[in-house]
Amino acid sequence: MKQSLVTLTIGQSPRSDILPLLQDHLPAEQVAHAGLLDGLTLAEVEQFYAPDAGEKVLVSRMTSGEQVRLSGPKVEQGLQRKINALEEQGYETILLLCTGEFGTLKTQKALLLEPDRIIPPLVSAIVQDHKIGIVVPVKEQIAEQASKWRNLNSAPCFAVASPYLAQQNDLIEAGLSLQEQGADVVVLDCIGYHQKHRDFLQKMLGIPVLLSNVLVAKLAAELIL
């Protein structure tokens, strides 16, 4: 059976941490996986993709489970090269496994699904006038989120808890912070967040908690013939 869809993570593939969740919606035999950092050592990742002072910061995961901090501009350049290669291999749909905001990524013919273009308008339509609380992996990303969520009816509030490093106390602290800021709905805005993070916060707060990776996986599933 032809694999027409490929997931592309900014870390290393396969994303064993979220693969079971994705496979709840995407048929495993029809989906391939690729990663920007595939084949690189941790030292090489730091050499080629470490963020310089003042650069946008992205966060992802090595197959060993280690969290890595990456330069947004360097990642965007690397992703375009990877996208070009995947398109040449014949993939018709490329699902980007990163919720970071990119402005220049493009394809020749393949359909490129970018979560940063999908999730904010979808969430806005769902929550309408409710106050959204957004959880991000690192504090540097809070300032960068303003433009991404600019079309919400009311300004969102933020908290920090890494999907790769956070302990239960970090999730509790993030949840309490969002509760104090008046959040009615929570969005876990990184592909690395898992169902266990969603379930924990939803039970703790008693309000809806949305997983970004589930939203885009469900959409991608509709495009597989």
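Guide: Buried here means under 20% relative accessible area, exposed over 50%, and partly exposed in between (1.4 Å probe, protein chains only). The model is predicted, so local features need pLDDT of at least 70 and side-chain atom pairs pLDDT 80 or more, whereas totals for chains, interfaces and linings use all residues. Residues are numbered from 1 along each chain as its sequence is written, and side-chain values use heavy atoms, without hydrogens or water.

Cysteine 190 is buried, at 6% relative accessible area. Cysteine 98 is buried as well, at 7%. For cysteine 98, the nearest cysteine sulfur belongs to cysteine 190, 7.1 Å away. Cysteine 190 in turn has the sulfur of cysteine 98 as its nearest, and is in no disulfide.

Next, the sheet. Strands β8, β7, β9 and β10 lie in that order in an open, parallel sheet; strands are DSSP runs of E, at least two residues, and helices runs of H or I, at least four, both numbered from the N terminus. Pairing takes at least two DSSP bridges between two strands. Strand β9 (residues 185-188) is joined to β10 by three bridges in the parallel sense, and valine 187 faces leucine 210 of β10.

Then the pockets. A pocket is an open set of points on a 1 Å grid over the protein atoms alone, with protein on both sides within 12 Å along at least five of seven lines, and a lining residue has an atom within 4 Å of a point. The largest pocket holds about 250 Å³. Its lining has 22 residues, and Leu58, Thr99, Gly100, Gln141 and Gln145 are the closest to the centre. Strand β3 (57-61) and helix α5 (140-148) each contribute at least two residues to that lining. By class, ten of the lining residues are nonpolar, six polar and six charged; Ala, Val, Leu, Ile, Met, Phe, Trp, Tyr, Cys and Pro count as nonpolar, Asp, Glu, Lys and Arg as charged, and the others, Gly among them, as polar.

The second largest pocket holds about 210 Å³. Among the residues lining this second pocket are Asp17, Arg61, Tyr164, Leu171 and Gly192. Helix α7 (residues 195-205) supplies the most, three residues. Six residues of this lining are nonpolar, three polar and three charged.

How values were computed:
On a 1 Å grid over the protein atoms alone, a cavity is a set of points where a 1.4 Å probe fits but cannot get out, and a pocket is an open set with protein on both sides within 12 Å along at least five of seven lines; lining residues have an atom within 4 Å of a point. Grid points are joined across faces, edges and corners, and a volume is the space filled by probe spheres set on the points. A disulfide is a pair of cysteine sulfur atoms within 2.5 Å.
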